Amino acid sequence: MANIVVLHGLYMHGVVMKPLAERLKKKGHTVQVISYNSLRINEMVLFKRIHSCLSVSKKNVVLGHSLGGILAVHFANYHQDINTPLDSIVTIGSPLQGASIAKELQSKKLGFILGSSKQQGLVDVAKLTANCPIGSIAGTLPIGLRPPMIRDHQPSDGTVTVQETLLPELTDHLCLKYSHTSLLYATETANQVDYFIENHKFKKEEKSEEEVA
């Protein structure tokens with residue numbers, strides 16, 4: 001079982017992560033949820049808080065939703081303590097390539113509503129250098145502001161496109177039919193996070209011989 005540190009997304013508070021955290025606790029994991037000011041992010045302060053939650057006896061996992069997933073990857077890039085190594089990172093609905101909806105807001109001179117999150121990865125993307133396994137879960141139920149704002153018909157969870165959740169360096173990637181927020185409350189999401197933590201891959205349905213043919 002793992003020690004999981006959980007980060008929420010933009011405009012949110014740790015309380016929104018509690019249902020997912022409780023499901024993971026029931027699977028035997030230790031789970032610690034961190035709340036932070038997502039509009040005024042001090043990465044070094046946040047990283048110290050994450051580090052203080054890491055275990056020297058259990059495998060450590062950082063799990064983040066949306067912006068929280070980007071910050072989890074940034075932490076993995078930064079973290080070098082050999083006494084508390086990271087076993088894996090799991091991101092949920094995280095625009096690892098940057099968020100087109102954030103870029104659209106910035107182009108309309110509304111970037112101020114994103115606060116410092118623009119520099120933390122929603123617009124300015126940092127290169128992924130971490131060498132621990134990273135799994136990314138994307139949503140495909142397009143309920144949110146993005147479809148009416150950016151009418152490009154890209155598969156999305158209503159906020160983040162599937163393409164934005166992809167990186168060549170990922171260990172595995174999975175699409176689930178939920179919206180950006182409902183991904184957090186789906187039992188299937190918790191099950192897949194648990195499976196990735198144990199196997200460093202997601203559990204996917206095997207195609208039948210007819211489907212392959």
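Reader: How much space lies in the largest pocket?
Author: The model is predicted, and the volume is computed from its atoms. The space in the largest pocket comes to about 430 Å³.

Reader: Which residues lie nearest the centre of the largest pocket?
Author: The lining of the largest pocket consists of 24 residues. Those that lie nearest its centre are Leu10, Tyr11, Ile101, Thr159 and His180.

Reader: Which helix gives the largest share of the lining of the largest pocket?
Author: By class, this lining has 16 nonpolar, eight polar and no charged residues. The largest share is three residues, and these come from residues 100-107, that is, helix α4.

Reader: Where is tyrosine 11 found?
Author: Tyr11 is among the residues that lie nearest the centre of the largest pocket. Its phi is near 65°, a positive value in a residue other than glycine. Tyrosine 11 is found in the loop between β1 (2-7) and α1 (18-26).

Reader: Which loop holds histidine 153?
Author: Histidine 153 is not a glycine, yet has a positive phi of about 60°. Histidine 153 sits in the loop between α5 (146-149) and β6 (172-176).

Reader: What is the volume of the largest cavity?
Author: The structure holds one cavity of 30 Å³ or more. Its lining is made up of Ile70, Val73, His74, Pro95, Leu96, Gly121, Val125, Ala126, Leu128 and Leu167. By class, eight of these are nonpolar, two are polar and none is charged. The volume of the largest cavity is about 80 Å³.

Reader: Is α2 roughly parallel or roughly perpendicular to α3?
Author: Two packed helices are described by the angle between their axes and the distance between the axes. For helix α2 (residues 43-53) and helix α3 (residues 67-78), the axes are 11 Å apart and the angle is about 80°. Angles of 65 to 115 degrees count as roughly perpendicular, so α2 is, relative to α3, roughly perpendicular.

Reader: Which residues in α3 meet α2?
Author: The residues of this contact divide into seven nonpolar, two polar and one charged. From α2 come Glu43, Met44, Leu46, Phe47, Ile50 and His51. The residues they meet in α3 are Leu71, His74, Phe75 and Tyr78.

Reader: What pattern does the protein chain follow along the sequence?
Author: The protein chain has seven helices and six strands. Read along the sequence, these elements give the pattern β-α-β-α-β-α-β-α-β-α-β-α-α.

Reader: What is the radius of gyration of the protein chain?
Author: The C-alpha atoms fill a box of roughly 50 × 50 × 30 Å, taken along the principal axes. For 213 residues the globule rule gives 17 Å, and the chain's value is close to that, so the chain is as compact as a globular protein of that length. The radius of gyration of the protein chain is 17 Å.

Notes:
Residues are numbered from 1 along each chain as its sequence is written. This is a predicted model: local features need pLDDT of at least 70, side-chain atom pairs count only at pLDDT 80 or more; totals for chains, interfaces and linings use all residues. Side-chain values use heavy atoms; hydrogens and water are left out. On a 1 Å grid over the protein atoms alone, a cavity is a set of points where a 1.4 Å probe fits but cannot get out, and a pocket is an open set with protein on both sides within 12 Å along at least five of seven lines; lining residues have an atom within 4 Å of a point. Grid points are joined across faces, edges and corners, and a volume is the space filled by probe spheres set on the points. Helices (H or I, at least four residues) and strands (E, at least two) are DSSP runs, numbered from the N terminus. Ala, Val, Leu, Ile, Met, Phe, Trp, Tyr, Cys and Pro count as nonpolar, Asp, Glu, Lys and Arg as charged, and the others, Gly among them, as polar. Axes are lines fitted to C-alpha atoms, for helices over the stretch in contact, and angles run from 0 to 180 degrees between N-to-C directions. Angles under 35 degrees count as roughly parallel, over 145 as roughly antiparallel, 65 to 115 as roughly perpendicular and the rest as oblique. Contact means heavy atoms within 4.5 Å. The radius of gyration is taken over C-alpha atoms; the globule rule is 2.2 Å times the number of residues to the power 0.38.
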